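Dear colleague,

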Amino acid sequence: METKVVEDIVIVGAGIAGLTTSLGLHSDALAHRLGIPSLVLESSDALRGTGFALTAWKNAWKALDAVGVGDILRQQHVQLFGNDTTSLVTGQQTSTTSFRDKGKHGGCEVRCVSRRLMLEALANELPSGTMRYLSKVVAIEESGFSKIIHLADGTTIKTKVLIGCDGINSVVAKWLGFKEASFTRRYAVRGWAESKNNHEFGPRFMQFFGKGLRSGAIPCDEKSVYWFFTWTPTSQDKKLEDNPAKLKQFVLHNLEKMSSDVRSFIEKTELDGFLSVPLRYRHPWEIMFGNISKGNVCVAGDAFHPMTPDLGQGGCSALEDGVVLARCIAEAFSKKPMRHIKEKEEEEEEDQYKRIEEGLKKYANERRWRSIDLISSSYILGSIQQSDSKLVTFLRDKILASFLASIYLKKSDFDCGKLNSS
């Protein structure tokens with residue numbers, strides 16, 4: 001039997017962008033929150049921590065603080081104090097960068113954060129009833145100044161605002177006219193390992209480049225380490241995706257020049273802790289000319305700007321999206337109607353629709369160039385880091401190493417602002 005629901009704001013996807021937007025709009029005892037309810041639809045039966053962890057840079061912490069969960073996550077994760085890069089060709093360190101120096105971009109707060117813990121921190125601050133699991137969107141329909149969302153279980157939801165935070169295969173992005181994200185020809189293997197006792201890793205981000213490979217390891221807390229490995233597979237390598245045991249052997253074989261303490265964590269990783277995924281991104285010109293918003297519909301997070309992981313800014317920029325989007329929607333809902341005397345309910349709906357449309361356009365304009373910059377920089381940086389060209393290897397390891405490392409600090413030196421613009 002069909003169930004009909006009416007909601008002011010519907011957010012599709014309970015990932016980082018979706019939960020941040022909802023929390024930014026939600027009102028509770030914290031005065032800086034904005035007090036607008038929303039419904040978050042999630043197609044799975046629980047929160048999904050796919051990818052294990054993410055690097056939360058300086059800009060991410062500004063966004064997390066804006067929605068009031070920064071200190072919760074700080075208590076659960078160690079702060080990193082620097083970045084070391086090492087050549088997989090020679091085994092020699094090529095650069096070291098401090099996150100504590102008050103240089104051009106100031107001190108940089110960096111932590112490797114569990115995706116599960118981040119999603120839980122955001123979701124736990126939302127009121128009961130905000131989340132609706134097992135809610136897969138199958139169609140979107142126009143209905144006057146509203147949108148009708150059709151779910152796989154037969155439910156229809158009428159809403160004034162539709163926000164797509166439904167990931168790289170977004171139904172909402174497709175409705176707005178975006179094509180599928182493009183394949184880079186690169187793959188990534190990600191892993192998460194925990195030791196029974198405290199590990200001996202220093203609080204540093206360790207990266208390894210060379211021979212057409214890119215890898216790294218980052219401590220999350222005293223006992224757990226997140227690691228990654230990216231490469232361009234041959235036709236034979238693609239068979240590894242369905243064989244975790246051979247995939248693990250392949251990764252370890254290609255990381256012989258990696259320090260033994262880092263390798264040991266890859267060796268300790270259980271086979272179900274290996275995740276292999278193709279790396280995809282949206283072409284910058286698609287964002288430049290595409291519909292980030294259209295009427296009362298918009299996208300955020302990976303639905304908006306999927307990017308390669310080489311800058312570590314995918315999750316960070318999704319947090320930025322959430323804060324900016326919540327601020328723009330709140331402005332649209334708080335503005336007074338354009339007419340002082342209303343004769344028809346339809347006129348009120350039209351006025352509100354126009355305010356929402358302008359608010360989403362403001363969000364799109366604010367986020368467009370930031371997203372283009374991050375997508376482009378990440379793609380170029382990854383191409384240089386993973387290149388096996390002798391010339392590029394020489395330039396990367398001997399001349400450009402410190403410059404390339406500084407790009408992380410430069411791109412994270414960004415403030416998405418507070419929730420309340422006043």
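Rings of Phe, Tyr and Trp (its six-membered ring) are taken as a pair if their centres lie within 6.5 Å; planes under 30 degrees apart count as stacked, over 60 as edge-to-face and the rest as tilted. By this rule there are 15 aromatic pairs. This is a predicted model, in which local features need pLDDT of at least 70 and side-chain atom pairs count only at pLDDT 80 or more, while totals for chains, interfaces and linings use all residues. Residues are numbered from 1 along each chain as its sequence is written, and side-chain values use heavy atoms, with hydrogens and water left out.

One of the pairs joins phenylalanine 205 and phenylalanine 228 edge-to-face, at 6.4 Å centre to centre and with 70 degrees between the planes. Phenylalanine 205 belongs to strand E13 (residues 204-210) and phenylalanine 228 to strand E15 (residues 224-231), so the pair ties together parts 23 residues apart in sequence. Strands (E, at least two residues) are DSSP runs, numbered from the N terminus. Phenylalanine 205 is buried, at 4% relative accessible area, and phenylalanine 228 is buried at 8%; buried means under 20% relative accessible area (1.4 Å probe, protein chains only).

Tryptophan 227 and phenylalanine 274 also form an edge-to-face pair, 5.1 Å centre to centre with 70 degrees between the planes. Tryptophan 227 is in strand E15 and phenylalanine 274 in strand E16 (residues 274-281), so this pair links parts 47 residues apart in sequence. Both residues, tryptophan 227 and phenylalanine 274, are buried.

Finally, Trp57, Phe99, Phe205, Phe228 and Tyr408 make up one aromatic cluster.

Yours sincerely

Methods: Helices (H or I, at least four residues) and strands (E, at least two) are DSSP runs, numbered from the N terminus. Buried means under 20% relative accessible area, exposed over 50%, partly exposed in between (1.4 Å probe, protein chains only).
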